[in-house]
Amino acid sequence: MKIALGPIQYYWPRDTVFMFYETMAATPVDIVYLGETVCSRRHELRLADWLALAAMLEAAGKQVVLSTQVLIESSPDLGILRRIAANGRHLVEANDFGAVHCMNGLPFVAGPHLNLYSAQSLAILAKAGATRWVMPLEMSRSGLAALLEEKPPALQTEVFAYGRMPLAFSARCFTARHRNFPKDDCRFSCIDHPDGLLMQTREKQPFLVLNGIQTQSALVYNLVDQFDVMRAMGVDVVRLSPQAAHMRAIVDLAHATLHGRLDGREAAGQMAPLMPAAACDGFWHGRPGLDKQAA
């Protein structure tokens with residue numbers, strides 16, 4: 001199996017993003033997804049900057065994939081989508097069906113937000129040019145196993161295996177609303193929250209994380225102890241989602257586990273103090289997402 005680094009979900013300053021990827025270039029990740037997938041108002045990096053990062057990472061031996069925005073809301077958004085689809089060099093991750101249409105039969109990765117839950121859907125996407133698909137986050141291990149028995153044989157499978165889960169997207173900006181700003185004058189509020197803005201229940205329990213127009217899980221999905229299970233099932237790629245701190249250590253622990261130098265449970269234990277919140281794995285085991293099997 002290979003390790004993929006998913007797109008940065010948060011709004012980080014430009015220099016922070018460049019330093020992050022310079023660090024990641026020296027890690028054992030095999031695939032790096034680049035691009036703004038959440039909000040088109042985030043302009044610290046333009047498409048030219050993402051392409052420059054792509055060239056740097058490609059020179060470091062990484063496969064680069066350009067990720068498209070999940071929620072297309074305007075003509076400029078559509079223009080960027082078309083430029084990404086027509087980049088002519090890098091594979092594209094299509095995160096909505098408009099992106100699939102823009103690929104015009106060229107190879108692409110079917111992102112996790114396409115909600116692919118049936119073998120028939122996978123067959124349609126493979127016929128449209130998909131070479132890899134990313135399992136929906138809410139899918140269980142048993143659901144994935146059933147799909148793997150029927151999927152097109154050449155279609156690779158990727159599993160979101162680490163990070164806060166992107167659960168939903170909205171036309172409203174929740175981070176701006178938290179500060180009583182309208183979306184069109186958000187003052188880029190989410191840049192103040194490098195790992196998102198935590199929401200708690202009245203009992204002070206972590207509930208969700210606000211990340212602009214995106215809602216995430218408060219807990220961190222961590223399936224590092226399931227790598228051996230995934231390999232036996234036929235999973236090709238495990239995805240790690242970036243966080244603001246300790247990402248290199250997370251990658252190293254995942255790589256050591258993947259290559260048998262570290263037991264999965266031991267790796268999960270070593271990751272715990274490096275994570276922005278406690279771990280969960282409920283969806284994978286067919287339970288509520290915030291559950292943890294070990295609990």
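Hi everyone. Let me start with a definition: a crossing of two helices is right-handed if the near helix is turned clockwise from the far one by less than a right angle, and left-handed if it is turned anticlockwise. Keep that in mind as we look at this structure, which is a predicted model.

First, the helix pair. H1 covers residues 14-24 and H2 covers residues 47-59. Their axes lie 10 Å apart, and the two helices pack at an angle of about 15°. That angle makes H1 roughly parallel to H2. As for the handedness, the crossing of H1 and H2 is right-handed.

Which residues meet there? On the H1 side we have Arg14, Val17, Phe18, Tyr21 and Glu22. Facing them from H2 are Asp49, Trp50, Leu53, Met56 and Leu57. By type, this contact of H1 with H2 divides into 7 nonpolar residues and 3 charged ones, with no polar residues.

The largest pocket in the model has a volume of about 430 Å³. There are 23 residues lining the largest pocket, and Glu36, Ser40, His43, Gln69 and Ile80 are the closest to its centre.

Where does the lining come from? At least two residues each are supplied by H2, by strand S3, at 63-67, and by helix H3, at 75-85. H3 gives the most to the lining, with 6 residues.

Note on methods:
Residues are numbered from 1 along each chain as its sequence is written. This is a predicted model: local features need pLDDT of at least 70, side-chain atom pairs count only at pLDDT 80 or more; totals for chains, interfaces and linings use all residues. Side-chain values use heavy atoms; hydrogens and water are left out. Axes are lines fitted to C-alpha atoms, for helices over the stretch in contact, and angles run from 0 to 180 degrees between N-to-C directions. Helices (H or I, at least four residues) and strands (E, at least two) are DSSP runs, numbered from the N terminus. Angles under 35 degrees count as roughly parallel, over 145 as roughly antiparallel, 65 to 115 as roughly perpendicular and the rest as oblique. Contact means heavy atoms within 4.5 Å. Ala, Val, Leu, Ile, Met, Phe, Trp, Tyr, Cys and Pro count as nonpolar, Asp, Glu, Lys and Arg as charged, and the others, Gly among them, as polar. On a 1 Å grid over the protein atoms alone, a cavity is a set of points where a 1.4 Å probe fits but cannot get out, and a pocket is an open set with protein on both sides within 12 Å along at least five of seven lines; lining residues have an atom within 4 Å of a point. Grid points are joined across faces, edges and corners, and a volume is the space filled by probe spheres set on the points.
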